[in-house]
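Visitor: Please take a close look at one part of this model. I would like the helix packing described residue by residue, with the criteria stated.

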Amino acid sequence: MNTKAPRNKPATVRLRRSPNEMATLKRELLERARLIYRDEGLAALSMRRMALEFKLSTMALYSYFPSKQALLEGLWLEIFEALLAELQSVQKGRRTPLKLLEAHVRSFLAFWELRPDQFRMIYMSLVQTSGADAVDMEHQPVYAGMVLLTRERVAACAATPPGDAALGLSTDALVAQMLGYLLLTLGVARYPLYDRDALRDRTVLDILCTVQQGLASPAPRPRR
């Protein structure tokens with residue numbers, strides 16, 4: 001008969017991350033997801049892969065991002081938060097509304113020119129338009145704040161308070177011209193640009209002229 005007392009099994013220790021460790025891990029998850037998206041495309045980005053690479057259980061990963069869509073939204077939010085901070089920072093030292101709007105436009109263009117991969121991910125991908133992984137930024141406060149800031153700076157350039165139609169069209173025209181420049185310079189790599197710096201300056205000048213003309217002219221009637 002075995003008279004030895006049974007040994008108690010050591011209790012399983014569950015490691016808990018501190019808030020700082022959790023924040024660091026979340027940033028690392030986002031950075032890795034961004035690189036996979038950039039280098040291999042959306043199909044290569046999966047929750048299972050992320051869990052395996054970071055040696056996390058699926059449930060642990062879901063505590064950071066409950067779905068692939070949430071992971072993509074996290075990528076986009078991080079970028080737009082940085083962009084909004086850049087646009088807000090140009091307020092300092094600007095005396096006239098038109099000069100402030102010019103700084104706004106130049107800041108927007110410079111932000112994406114320094115981050116071409118992120119621009120392509122957001123503006124040159126079909127992910128945001130359809131499918132289970134669609135990213136909806138319209139209802140995110142940071143995106144709404146960026147849109148509102150742009151409209152306010154456009155409206156401030158008007159001699160008198162503009163109507164909703166004139167303000168809306170002028171703002172849309174500004175965004176269309178900014179994105180048009182970026183789609184050409186960042187998206188069409190083979191296009192032989194004559195002088196990129198001169199093109200940027202010309203684009204900014206054209207945008208300011210378009211905004212001024214749009215605010216000064218009555219908005220066109222909608223087509224029937």
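Guide: Ser-170 lies in helix α8, where helices are DSSP runs of H or I with at least four residues, strands are runs of E with at least two, and both are numbered from the N terminus. The model is predicted: local features need pLDDT of at least 70, side-chain atom pairs count only at pLDDT 80 or more, and totals for chains, interfaces and linings use all residues. Residues are numbered from 1 along each chain as its sequence is written, and side-chain values use heavy atoms, with hydrogens and water left out.

Ser-170 has a relative accessible area of 4% and is therefore buried (buried is under 20% relative accessible area, exposed over 50%, partly exposed in between, with a 1.4 Å probe and protein chains only). Not counting residues up to four places away in sequence, Ser-170 touches Val-154, Val-211, Gly-214 and Leu-215; contact means heavy atoms within 4.5 Å.

Helix α8 (residues 164-187) also packs with helix α6 (residues 116-123), at an angle of about 115° and with the axes 11 Å apart. Axes are lines fitted to C-alpha atoms, for helices over the stretch in contact, and angles run from 0 to 180 degrees between N-to-C directions. On the α6 side the contact is made by Pro-116, Phe-119, Arg-120 and Tyr-123, and on the α8 side by Leu-179, Leu-182, Leu-183 and Leu-186. By class, this contact has 7 nonpolar, no polar and 1 charged residues (Ala, Val, Leu, Ile, Met, Phe, Trp, Tyr, Cys and Pro are nonpolar, Asp, Glu, Lys and Arg charged, the others, Gly among them, polar).

Helix α8 is also one of the partners of α5, whose buried residues pack against α4, α6, α7 (141-155), α8 and α9 (196-216). Among the buried residues of α5 are His-104, Ser-107, Phe-108 and Phe-111. Helix α5 (residues 97-113) has 17 residues, so at 1.5 Å a residue it should span 24 Å, and its end C-alpha atoms are 24 Å apart, which agrees; the expected span is 1.5 Å times one less than the number of residues.

On the α4 side, Leu-87 has its place in helix α4 (residues 68-89). Leu-87 counts as buried because its relative accessibility is 0%. Leaving out residues up to four places away in sequence, Leu-87 touches His-104, Ser-107, Phe-108, Met-146, Leu-149 and Arg-153. The C-alpha atoms of Leu-87 and Phe-111 are separated by 9.2 Å, with the two residues 24 residues apart along the chain.
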